[in-house]
Structure formats: C-alpha cells, structure tokens
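The entries follow in the order in which I looked things up.

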Amino acid sequence: MTGPLHAHHEFDFGEDGLFLDPYGVPCAMFGVVEFQDFWNTVDAVYESPLGRKLIYAAADAEEYLLHRHPDFQFGRWFGKKRVLDRLNARWATMGWGLLSESQIRSPVHDALTVGFALAHSEHLDQERYELGWRQVHAEEIRLELRPKEHASMVDVKAPPPMDGAWHQPAVSNVVALELELRKIGFFLGQERSFFLPIHVLRYLSKELNGRPISALQSFQISGGSSSVDDVFVSMAHGMAVAFDRSDFPVYLRTSSDWQGILDERFHRRGWGTVNVLQSILDHDAATVFEVASPIPALVAGALVGMWQRGHGLRANVYLQFEDGKAILTMKKQTVDYEVKS
C-alpha cells in the first residue's frame with residue numbers, strides 16, 4: 001500500500017474475500033464510476049425514484065455503528081471533539097470524500113455521502129434533522145439540516161439479512177492492498193475507489209422489497225427450489241450493466257484462466273470468494289460458479305457480464321442457494337426457430 005503507512009492498518013483484508021473496517025463492519029470496495037453505473041441502473045428499474053431510499057439506507061447503516069461502538073460514544077470531558085476526529089478519519093479511510101460542517105467535498109456519490117453525513121451530523125448533535133441538500137457542482141454538496149420537532153434519537157433496528165448472503169465470523173490470512181492514497185480519497189489501479197459498508201445494501205434491500213418494478217426482459221435469472229426475488233434480480237442487473245460499461249479484460253483460453261480474473265475482481269475487493277465448479281471450456285454443458293459472498297446479487301450480476309464478455313455469448317442464467325452459498329449456472333442461449341408448414 002502506497003501513501004501513509006497508518007492509513008488502513010486497522011482494516012482486515014482477508015484473502016477469503018471478507019473485508020472488515022476498523023470497527024468490525026463488513027465492507028466491500030467499489031469503483032466510483034462502477035457504483036454510479038450500478039445505482040443508476042437499479043434506480044431506473046423501479047417505477048419511482050429511489051434516491052431517498054439510498055440516502056436513508058446509508059444513514060441507517062452508519063447510525064447502527066455509531067450508536068453501538070464504544071469509540072463513538074461521548075465521554076464526560078471533551079468527548080465530542082474526540083468523536084468528531086474519529087468520524088473525520090472514517091471519511092478519509094473509507095474514501096467517501098471530505099465532510100466539513102455542512103459541506104461535502106469530492107463526494108464519491110451524492111446520495112450515498114449525503115446519507116453518511118446525515119447520520120454523522122445527527123450523532124454529533126444528538127438531534128434528528130430534516131434533510132435538504134443541493135449539489136453545487138460535481139465536487140461539492142451543501143447540506144441543509146433543520147431540527148426535526150418532537151423526534152427522538154431512537155435506535156435503528158439491526159440490518160436485515162440479504163438473500164443468499166454468506167457470513168463468516170473472522171477473516172483468514174489478512175493480505176495487503178495496493179492503494180494509491182490522494183489528498184482526498186484513494187485509487188485502486190486507475191479508478192478512484194471507496195469502501196462501502198455491506199449494511200447499506202442490507203438496509204436498501206429491505207426498503208426495495210415489494211416496490212413496483214418494471215419488466216427486466218433483457219436480464220433474467222431463473223431460480224430453483226429457492227426463489228429469486230425482484231430485489232436480487234434488480235441488483236444483479238445493475239451490476240451486470242456496470243460491468244458491461246467497464247473495460248475490465250476477460251481473456252479465457254482454458255478454465256484455469258478464470259481464477260486470476262475472479263481473484264482480482266472479487267476476492268481482492270471484499271466481494272467474497274468465487275470458485276469454478278464446471279466450465280464450457282472443459283466441454284461441460286454449462287459453466288457453474290460457487291459464490292460465497294456477503295453481496296451475492298452483485299457478484300452474480302458481475303459474473304454474468306464477465307462470462308458473456310469472456311465467451312462472446314449471451315447467457316441463460318440459473319441460480320440456487322445451497323448451504324449459505326449461491327450456485328450460479330450459465331449456458332449459451334439457444335434460439336428456437338419456428339418451423340412453418
């Protein structure tokens with residue numbers, strides 16, 4: 001890791017693809033453009049705008065941490081200053097941008113960072129706020145917070161589970177990440193990146209459940225004995241589109257070529273572990289991936305994009321959940337030609 005040696009020393013980056021932030025919260029790394037493409041696609045799938053849903057999912061995820069971890073509790077003397085310093089450090093190490101009073105500089109995503117800022121402001125002031133904000137330009141957001149009358153600081157409920165999500169109590173064999181630190185934020189390779197607490201996606205999934213959804217005719221996942229709900233499919237679709245818009249190379253000559261590609265895209269970014277159980281490159285009828293991930297829907301979507309790019313084919317996708325893992329099967333799409341008499 002380049003830059004100050006202490007910047008991420010309190011993170012746990014497991015080679016099994018489980019990342020924990022300094023407070024033990026699972027997190028995953030995203031590229032800024034990647035997340036924007038993912039979110040814009042998911043937002044377009046639903047019949048009403050989702051911006052506020054993302055803001056409050058981010059706020060709930062942060063509030064759940066801040067209310068429970070001892071490092072963010074106020075002491076008898078000078079406690080607020082200590083907590084403020086730790087919150088500022090969190091913005092820096094997570095790569096979200098820079099929060100200063102009512103201004104967010106260099107935000108990685110508008111709604112996401114507004115949600116984090118809302119939770120941090122309410123925690124510092126121990127007061128609920130009515131939220132307003134405006135994007136001055138791409139590098140600056142101004143918050144407009146007004147005290148909310150008769151609103152108490154009631155604890156947020158625990159983040160709900162995500163379908164098919166894999167959970168592991170501790171990381172194994174912590175590895176180093178090669179991050180290039182900047183004045184604000186950091187880069188992984190050529191792309192500005194950041195760490196997203198997995199709890200954000202868990203709260204978001206709950207809020208999206210049951211909301212009216214548009215048809216996803218261009219992206220389908222068939223389920224087995226366990227159902228694949230609309231939220232899972234919409235998030236997988238969002239990540240498939242985000243991958244399609246990337247320039248990530250997928251060169252396949254033999255099935256063994258998959259592992260390095262999967263390691264780079266998933267394991268080394270905290271997305272979990274993906275193994276290849278079968279491959280059409282070995283003359284199998286389908287390619288079968290075993291996914292152990294805290295965000296299986298996003299991994300599934302990226303895998304669809306990777307498989308189609310690597311093979312130059314469209315895929316039929318089939319999903320099952322087994323023993324806390326997702327089994328993703330992809331076959332070449334077949335075309336049925338109607339024979340007219």
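Entry 1, the sheet. I started with an open sheet of 6 strands, which runs in the order β1-β2-β3-β10-β9-β8 with antiparallel pairing. I then looked for the edges: they are β1 (12-13) and β8 (180-181), and each of these pairs on one side only. I note here that the model is predicted.

Entry 2, β2 and β3. I asked how many bridges hold strand β2 to strand β3. I found 2 bridges between β2 (residues 19-20) and β3 (residues 26-31), in the antiparallel sense. I took the facing residues next: phenylalanine 19 is opposite cysteine 27 in β3, and leucine 20 is opposite proline 26 in β3. The two strands make a hairpin, with 5 residues between them. In the turn I checked glycine 24, whose phi is positive at about 80°.

Phenylalanine 30 has phenylalanine 194 in β10 as its bridge partner. I also checked the cover on β3: 5 of its 6 residues are buried, and the strand is mostly covered. As background for reading such a strand, I keep in mind that side chains in a regular strand alternate between the two faces of the sheet.

Which residues of α7 are buried? In this helix (residues 257-265) I listed Trp258, Ile261, Leu262, Asp263 and Arg265 as buried. I noted that the list includes the charged residues Asp263 and Arg265. I then looked up what the buried residues of α7 pack against: α1 (32-45), α6 (230-244), β12 (273-278), β13 (287-292) and α8 (296-311).

I moved to helix α5 (residues 198-208), where leucine 208 sits. Is leucine 208 buried or exposed? Its relative accessibility is 0%, so leucine 208 counts as buried. Leaving out residues up to four places away in sequence, I found that leucine 208 touches Val42, Tyr46, Leu50, Val231 and Met235. I also took a C-alpha distance: leucine 208 and leucine 54 are 154 residues apart along the chain and separated by 9.8 Å.

I placed valine 241 in helix α6. The cut-off for buried is under 20% relative accessible area, and valine 241 has 17%, so valine 241 counts as buried.

I kept the background in view: most residues other than glycine have a negative phi. Glutamate 101 has a positive phi, near 55°. I located glutamate 101 in the loop between β4 (98-100) and β5 (103-105). With a relative accessible area of 73%, glutamate 101 is exposed. Glutamine 126 also has a positive phi, of about 50°, and is not a glycine. I found glutamine 126 in the loop between α4 (110-125) and β6 (129-137). Its relative accessible area of 43% makes glutamine 126 partly exposed.

The protein chain has 8 helices and 15 strands. Does the radius of gyration agree or disagree with that of a compact globule? For 341 residues a compact globule would come near 20 Å, and the chain has 21 Å, so I recorded agreement. The C-alpha atoms fill a box of roughly 80 × 45 × 40 Å along the principal axes. I noted 51% of the 341 residues as buried. Of the contacts between residues at least 6 apart in sequence, 67% join residues at least 24 apart. The accessible surface is about 16,600 Å², and carbon and sulfur atoms hold 49% of that. Last, I looked at the charges: there are 33 positive and 44 negative, and their mean positions lie 4 Å apart.

Key:
Residues numbered from 1 in each chain as written. Predicted model: local features only at pLDDT ≥ 70, side-chain atom pairs only at ≥ 80, totals over all residues. Heavy atoms only, no water. Helix = DSSP H or I, 4+ residues; strand = E, 2+ residues; numbered from the N terminus. Rg over C-alpha atoms; globule rule 2.2 N^0.38 Å. Buried < 20%, exposed > 50% of the residue type's maximum accessible area, 1.4 Å probe, protein only. Contact = heavy atoms within 4.5 Å. Areas by Shrake-Rupley, 256 points an atom, 1.4 Å probe, with all protein chains shown as cover. Charge placed at Lys NZ, Arg CZ, Asp CG, Glu CD. Pairing = 2+ DSSP bridges.
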